[in-house]
Amino acid sequence: MAAETNVSDQTINLVLLGRKGSGKSRTGNTILGSNEAFKFGYQIETNSCAVERASRFDRHLRVIDTPGTDTFSPEESVKLRKHISEKSKGNIIYLLCIKIGRFTEEENTLINQYIRYVGQDFEKATIVIFTHLDEWISDCQDQGILEPKFEDFITTLDKNSIQLLNKFDMRYKPLNNRQSGNDELVKQIICMAEQITRQPSFSRAVTQRQCEPEVESQSILCCNFM
């Protein structure tokens, strides 16, 4: 009888996708717990995939940053798959980064291209990360909304955007990459990723609500974090 493999012995592969300026590299740094893992900024031109590894919360993480793009063609899909296969082994979870407040028709078009060309697992293996939460909160406060709630932003999305989120089973998280203390949110993202990979052939997706922390304990229980 084969010995069981502990979850902590497995590597979680996270691939960052999105437009240039969507906060992919900063998101990767937040997840890895390092501000220096991936270079970022408008003067940084990323033309190829980059990979960084870290162990966090007793989990082995491999994060792959990809070039920002406004369109995604079949040819780019082939390149992406080649890069991923060279840099990782096992199941892939995609982190689709979208700048909050800019969920536009261009984003919708790009997402549909990802769905069409990445492959059949994309919808079942994607978590949407809404970045630049700090800027959105600041804009809301400038408009007199002193305590903006992220879910209020979701209610403002048009029908097409909601339909796209539904394709990902409403798996999304807001993220402020400029602040420290994102550990609980990173745990939630890892929790989502783990539960997706535990499903047979990704046949069922875990919803965001299943990974919400207990308010009183402020800890993530669904993935047995210590």
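Q: Is Glu107 buried or exposed here?
A: Glu107 counts as buried, at 9% relative accessibility. Keep in mind that this is a predicted model.

Q: What does the side chain of Glu107 meet in a salt bridge?
A: The side chain of Arg19, with N to O at 3.0 Å. Arg19 lies in the loop between strand 1 (11–18) and helix 1 (24–32) and Glu107 in helix 3 (residues 105–118), so the pair ties together parts that are 88 residues apart in sequence.

Q: And how accessible is Arg19?
A: Arg19 has 21% relative accessibility and counts as partly exposed.

Q: How many salt bridges turn up in the whole structure?
A: A search finds 10. Another one pairs Arg178 with Asp134, whose closest N and O atoms are 3.4 Å apart.

Q: Where do Arg178 and Asp134 lie?
A: Arg178 is in the loop between strand 6 (172–174) and helix 7 (183–198), while Asp134 belongs to helix 4 (residues 133–142). The two are 44 residues apart in sequence, so this pair also ties together separate parts. Arg178 is exposed, with a relative accessible area of 57%.

Q: What about Lys187 and Glu184, where are they?
A: Both lie in helix 7, three residues apart, which is about one turn of the helix. Lys187 is buried, with a relative accessible area of 12%, whereas Glu184 counts as partly exposed at 26%.

Q: Which residues of helix 3 are buried?
A: Glu107, Asn108, Leu110, Ile111, Gln113, Tyr114, Ile115 and Val118.

Q: And what covers them?
A: The cover includes strand 1, helix 2 (74–87), strand 4 (92–99) and helix 6 (159–167).

Q: New topic: the largest nonpolar core. Which members touch the most others?
A: Tyr94, Leu95 and Phe130, out of 56 residues in that core.

Q: What is Leu95 in contact with?
A: Leaving aside neighbours within four places in sequence, Leu95 contacts Leu14, Val15, Leu16, Leu17, Ile31, Ile127, Ile129 and Ile189.

Q: Where does Val128 lie?
A: Val128 is in strand 5 (residues 126–131), and it counts as buried at 1% relative accessibility. Val128 and Cys97 are 31 residues apart in sequence, yet their C-alpha atoms are 6.0 Å apart in space.

Q: What does Val128 contact?
A: With neighbours within four places in sequence left out, the contacts of Val128 are Leu96, Ile98, Leu165, Phe168, Arg171, Tyr172 and Lys173.

Notes: Residues numbered from 1 in each chain as written. Predicted model: local features only at pLDDT ≥ 70, side-chain atom pairs only at ≥ 80, totals over all residues. Heavy atoms only, no water. Salt bridge = Lys/Arg side-chain N within 4 Å of Asp/Glu carboxyl O. Helix = DSSP H or I, 4+ residues; strand = E, 2+ residues; numbered from the N terminus. Buried < 20%, exposed > 50% of the residue type's maximum accessible area, 1.4 Å probe, protein only. Core = buried A, V, L, I, M, F, W, Y, C linked by side-chain atoms within 4.5 Å. Contact = heavy atoms within 4.5 Å.
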